[in-house]
Amino acid sequence: MGTTLITDVKVVLTAPEGINLVVVKVETDQPGLVGLGCATFAYRHLAVKCLIEEYLRPLLVGRDAHAIEDLWQLMHQNAYWRNGPIENNAISGVDMALWDIKGKLAGMPLYQLFGGKCREGVPIYRHADGRDIAELCDNIQKYREQGITHIRCQSGGYGGGAFGAAPAGAPEGAPKGVYLDSRKYMRETVKMFDEIRGRVGNDVALCHDVHERLKPIDAIRFACELERFDLFFLEDAIALEEGEWIRQLRAKTNTPLAQGELFNHPLEWRTLITERLIDFIRVHLSQVGGITPGRKLQIFAEQFGVRTAWHGPGDMSPLAHAANIHIDLAARNFGVQEWSGTEPPNFVIQELKGPRAALLDVFPGLPEFRNGFVYANDKPGLGVDLNEAEAAKYPCDSSVTTWTQTRLPDGTLQTP
Ligand code: MG
């Protein structure tokens, strides 16, 4: 097989749902052969775009697109300092695009290149929330009627309100923010699960995301209190910076633990996996550098009985959702897939407003949800296309991010 030279690397920014998405397009010297990848860092999208256009493009043009491993290491090492989130997302965009090209050259969907299917469809979990428990339970029931067996339950998000003025009780002059009351959040969440189990029974697998908003000792007590509700997993109970506490959390509770959507560096997950301190590894694929490191991590975790539950939020593009699904299909140690980015088309068009349908217009070919499972299509590569004319209709927004400005009752910043 001859070479397939990279002739250009382009960035497309689009926000069909109002969330900034960063798409990388790698062009080659083969007629019509291009690859697409996700480099989405929604809250620093311009920095990623600059890095790709000013630093990675000159590094890559003229090189052979076949050599994914070598090109990944080249991009990873080229700036000398490694593993930052902006750098990793930029590398991911190129990496996914190179895998897309590889699949197109092979005439195979990526799951075939990863060893073939371990399962025909990917079981997913959805997010249920509500203004009160009754509404939350109604939403759980709607998902169950769609065949969904795993549901993440929150009551009012992650225990904070909307961004706004400091509440009563904060010190004079306290800035605006998303103010948290951890004690109230823990009390209400225990009550929430008590009522959910009473109303919807035990047949549904329930998850919950702490989103790093507790102090470690509170997280330990909280995980123990939740044991009686038989959670499928408790997510990010401990903040990234407090990772050493996970060993103590593990020793104290039998609630299954999921961790990792903020991880950037292999050293952040290595010990958690080799010491079997978590049950599910949840990295955000573009945040760790794309498919190449994601596949290595999946296979590494398999050796230690840790299952995957890749991050699948709205702030990643359908290209990344597709990458998740292709790895999921071929992973023996697959656990569950978070699914929030794409709806079943009939559900979208009939029940939701314009933006969801817009996502389908911009990214035709995205994996499809049907009756509890998500299916990749059988097109070569990732199987997702980009309609650039449609993408151009939805410009990105560079205004200051507010939802991450989370604060404790006394106004101290708390990780979001
Ligand atoms: Mg999460």
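Helix α9 is followed by Arg-276, a residue whose phi is positive, near 55°; helices here are DSSP runs of H or I with at least four residues, strands are runs of E with at least two, and both are numbered from the N terminus. The model is a predicted one, in which local features need pLDDT of at least 70 and side-chain atom pairs count only at pLDDT 80 or more, while totals for chains, interfaces and linings use all residues. Residues are numbered from 1 along each chain as its sequence is written, and side-chain values use heavy atoms, with hydrogens and water left out.

Within α9 itself, the buried residues are Trp-269, Leu-272 and Ile-273, where buried means under 20% relative accessible area, exposed means over 50%, and partly exposed lies in between, with a 1.4 Å probe and protein chains only. Seen down the axis of α9, these buried residues fall within an arc of 95°, so they line one face of the helix; the arc is that of the directions from the helix axis to the C-beta atoms. They pack against α8 (245–252), β9, β10 (280–281) and α10 (291–302).

The magnesium ion has Asp-209 (OD), Glu-235 (OE) and Glu-261 (OE) as its protein donors, at 2.0 to 2.2 Å; donors are N, O and S atoms within 2.8 Å of the metal (3.2 Å for Na, K and Ca), and sites may look incomplete because water is not among the atoms.

Arg-332 lies in the loop between α11 (318–330) and β12 (337–338), 30 residues from Glu-302. Glu-302 counts as partly exposed at 23% relative accessibility, whereas Arg-332 is exposed, with a relative accessible area of 61%.

A further salt bridge joins the side chains of Lys-10 and Glu-27 (3.0 Å, N to O). Because Lys-10 lies in strand β1 (residues 6–14) and Glu-27 in strand β2 (residues 21–28), this pair ties together parts that are 17 residues apart in sequence.

Notes:
Contact means heavy atoms within 4.5 Å. A salt bridge is a side-chain nitrogen of Lys or Arg within 4 Å of a carboxyl oxygen of Asp or Glu.
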